[in-house]
Amino acid sequence: MYYYYYIPEPPYFLFVASLLAGIAAGAAFDKTLRQLVQEWSKNRSTQTLKNLQGAQLLTPFLGISGGIAVFLASGLQVFGIPGKFAYFVSVALTLLVARLVWSQLGRVLAELERGGSEALDLDSMR
């Protein structure tokens, strides 16, 4: 009697595609953030830097988060973790980390607004 086990093929395509999507969204996020900060520094408008965290910046950030969530889930599936559990773990981790990073970005932008670029000088902290 022969027993056949169905071993699913790991989603290698999703693994690579989500990594590339996350990198592309990260490049868009970088360019958008730099552009918003440069516009703010030229105008010193009444709009605070923290309020710049609108849809223009949120969209690439969500792209990064989505790409990383699929990347983590695909990576777990490569090691034999079932798909539903892999996506549950990766989405939970991604939501937690994305929330922490988004709030930290708000704090950094507020600090930049209060003290200018000198407030973020990490070399002076030694």
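Is Phe15 buried, partly exposed or exposed? Phe15 is partly exposed, because its relative accessible area is 27%. The legends below describe close-up views of a predicted model.

**View 1. Phe15 and Phe71 stack across two helices.** The count of aromatic pairs comes to 3. Phe15 and Phe71 make a stacked pair, 4.6 Å centre to centre, with 25° between the planes. Phe15 sits in helix H1 and Phe71 in helix H2, so the pair ties together parts 56 residues apart in sequence. Phe71 has a relative accessible area of 22% and is therefore partly exposed.

**View 2. Phe61 and Trp102 form a tilted aromatic pair.** Their centres lie 4.9 Å apart, and their planes are at 45°. Phe61 belongs to helix H2 and Trp102 to helix H3 (residues 83-115). The pair links distant parts of the chain, 41 residues apart. Phe61 and Trp102 are both buried. With Phe29, Phe61 and Trp102 form one aromatic cluster.

View 3. Buried residues of H2 include Leu57, Pro60, Phe61 and Ser65. Gly67, Ala69 and Ala73 are also among the buried residues of H2. Just after H2, Gly80 adopts a positive phi of about 95°.

**View 4. Gln77 is a buried residue of helix H2.** Which residues is Gln77 in contact with, leaving aside its neighbours within four places in sequence? They are Pro10, Pro11, Gly83, Ala86 and Tyr87. Gln77 counts as buried because its relative accessibility is 16%, and the cut-off is under 20%.

**View 5. Asp30 and Arg34 form a salt bridge.** The salt-bridge count comes to 1. The closest N and O atoms of Asp30 and Arg34 are 2.9 Å apart. Both residues lie in helix H1, 4 residues apart, which means that about one helical turn separates them. Asp30 is partly exposed, at 36% relative accessible area. Arg34 is exposed, at 55% relative accessibility.

**View 6. A nonpolar patch lies on the surface.** Val16, Leu19, Leu20 and Ile23 make up the patch. Together they have about 360 Å² of accessible area. Ile23 lies in helix H1, which covers residues 12-43. With a relative accessible area of 54%, Ile23 is exposed.

Note on methods. Residues numbered from 1 in each chain as written. Predicted model: local features only at pLDDT ≥ 70, side-chain atom pairs only at ≥ 80, totals over all residues. Heavy atoms only, no water. Buried < 20%, exposed > 50% of the residue type's maximum accessible area, 1.4 Å probe, protein only. Patch = residues over 30% accessible without salt bridge, like charges linked within 9 Å, V, L, I, M, F, W, Y side chains within 5 Å. Areas by Shrake-Rupley, 256 points an atom, 1.4 Å probe, with all protein chains shown as cover. Salt bridge = Lys/Arg side-chain N within 4 Å of Asp/Glu carboxyl O. Contact = heavy atoms within 4.5 Å. Phe/Tyr/Trp six-rings, centres within 6.5 Å; stacked < 30°, edge-to-face > 60°.
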